[in-house]
Amino acid sequence: MRDDVLRRYAALAVPRYTSFPTAADFTTQTPDTMRRWLRQIGPAEHVSLYIHVPYCREICHYCGCHAKMAIREDVIANYVAALLSEIDTVGAALSARPKVVHLHWGGGTPSILSEKQFKAVVTALQLAFEFDPAMEHAIELDPRTVTPQLVQTLAHIGVNRASLGVQDIDEKVQKAIGRIQPFETVRRATDLLREVGISRINFDLIYGLPYQTVETIRSTCEKVASLKPDRVACYGYAHLPQRRSNQRLVDASLLPDADERFVQAQTVADCFRSYGYQPVGIDHYALPDDSLAIAARSGTLNRNFQGYTDDTCETLIGFGPSSISQFHGGYVQNIADVGQYRKRVESGDLATVRGYTLRDSDRIRARIITALMCNFAVDLNEVAPDMEFSDELALLRPLVADGVVEVKNGIIRATEDGKPLIRLVAAAFDEFRKENVQAFSCAV
Ligand SMILES: C[S@@+](CC[C@H](N)C(=O)[O-])C[C@H]1O[C@@H](n2cnc3c(N)ncnc32)[C@H](O)[C@@H]1O
Ligand code: SF4
């Protein structure tokens, strides 16, 4: 494929497809829908849980997560009290005590909770759910907050995987994004976690940041690879200052353009490959014996709201403001505003405000999009033998002509060069794709 063709496509904006339909296409839903779907979970069903902690001690300029600054301890205490109410209400709506195989704490910075608060949440969860002894218990951590006392607490509540937000190691980049975090801080956090037996370590990196160049990115990748994380995710910086006021502190004139972003993403991929990491999907790298790499090789890789996962549960229950839950029937999302979330759950109600009820055809489209995002290929004869896709195949024609994708006997497969553009291929199967795609970040 010609470089100019590839870069023209790379500049197009399409969703990240952590679900289909994407959260942007959800409409109004009520707590009654969530209650009905909770009641339908059977006793033998395995579920995953997500706990959102929307607070950080300070807000990084680049952050696109649902996170607010919290200095006072009573803010955190009030939030934990609200979480406990929500867990209680969800528990009361269940007709079974399902088995949890994945528990994920995300944020914000969940490590803002005290030992007592962590234990209170875990105890409340165990009243409503049974924890599988082999449960993956993962948490997102800001390396600057990792202390000997914190890792003891995490080990004590059973955490067995930690994702550290590294972003970039370069000092100039760190200054421009409001996140000063020397490499030594990352090394120390990694060592502390491993010392208490939390040995599954993920790092998050970002490309497309101010002052990043291919050279600085290569240097960051080399340094972090020396710590041998099991997994690395490297996301393209999503700059949406009209939605995230903190991002107005990022000088947009310093951001790399679509061409440069493309080369940076390739540099990351080349670098981790050279250190023995296996590429997983569009933006993850894993050591070959890590479960994500194994899932990618065996075709069981999945995608949910946390990104690529080896979790194949159909049901995911999310707690906290903005959290999304996924059921066989569809998706529901909690209200994002923390104050309104607290009001709802403290009155004994669920905090559902948005969602989507899946039709059978949506489930098929979701399977197609997941297969493309995870395996870079889909066999329509197998996934959707009774559906007709002439419109979608017509949309793919320019991508076929430009060597992004091949279509043969109902099998759609990205070419090696076309893999970074797989979101465009997936978008052809997205009935909700908007004309105005400006709200989405760049395609690569
Ligand atoms: C909840 S944060 C991680 C935990 C912790 N709060 C931290 O910052 O270390 C999740 C990850 O999302 C990614 N992220 C945040 N804002 C982003 C943005 N605007 N574009 C791309 N990735 C972003 C970062 O890599 C970050 O580590
Ligand atoms: S990147 Fe992490 S620490 Fe920084 S504001 Fe976002 S959630 Fe908080």
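User: How many residues surround ligand 1, and which are the closest?

Analyst: This is a predicted model. A shell is read by listing the residues with a heavy atom within 4 Å of the ligand. Here 20 residues surround ligand 1, and the closest are Y62, G64, Q167, R179 and D204. By class, the shell holds eight nonpolar, eight polar and four charged residues. The strands β6 (130–141), β7 (161–167), β8 (200–207) and β9 (231–236) each supply at least two of its residues.

User: Which polar side-chain atom lies 2.8 Å from an oxygen atom of ligand 1?

Analyst: A polar contact is a pair of N or O atoms within 3.5 Å. A polar side-chain atom of R179 lies 2.8 Å from an oxygen atom of ligand 1. The backbone also takes part: an N or O atom of L141 lies 3.3 Å from a ligand oxygen, and one of G165 lies 3.4 Å from a ligand oxygen. Taken alone, ligand 1 exposes 560 Å², of which the protein buries 89%.

User: Which residues are around ligand 2?

Analyst: They are C56, E58, I59, C60, Y62, C63, G108, T109, D142 and R179. Five of the shell residues are nonpolar, two polar and three charged.

User: In the sheet of β18, β20 and β19, which strands stand at the edges?

Analyst: The strand order tells the reader where to look. Three strands form an open antiparallel sheet in the order β18-β20-β19. β18 (377–379) and β19 (405–408) each have a single partner strand, so one side of each lacks a neighbour in the sheet. The twist averages 10° from one strand to the next.

Key. Residues numbered from 1 in each chain as written. Chains lettered and ligands numbered in written order. Predicted model: local features only at pLDDT ≥ 70, side-chain atom pairs only at ≥ 80, totals over all residues. Heavy atoms only, no water. Nonpolar A, V, L, I, M, F, W, Y, C, P; charged D, E, K, R; others polar. Polar contact = N/O pair within 3.5 Å; in protein donor to acceptor, adjacent residues only side chain to side chain. Areas by Shrake-Rupley, 256 points an atom, 1.4 Å probe, with all protein chains shown as cover. Helix = DSSP H or I, 4+ residues; strand = E, 2+ residues; numbered from the N terminus. Pairing = 2+ DSSP bridges. Axes fitted to C-alpha atoms, helices over the stretch in contact; angles between N-to-C directions.
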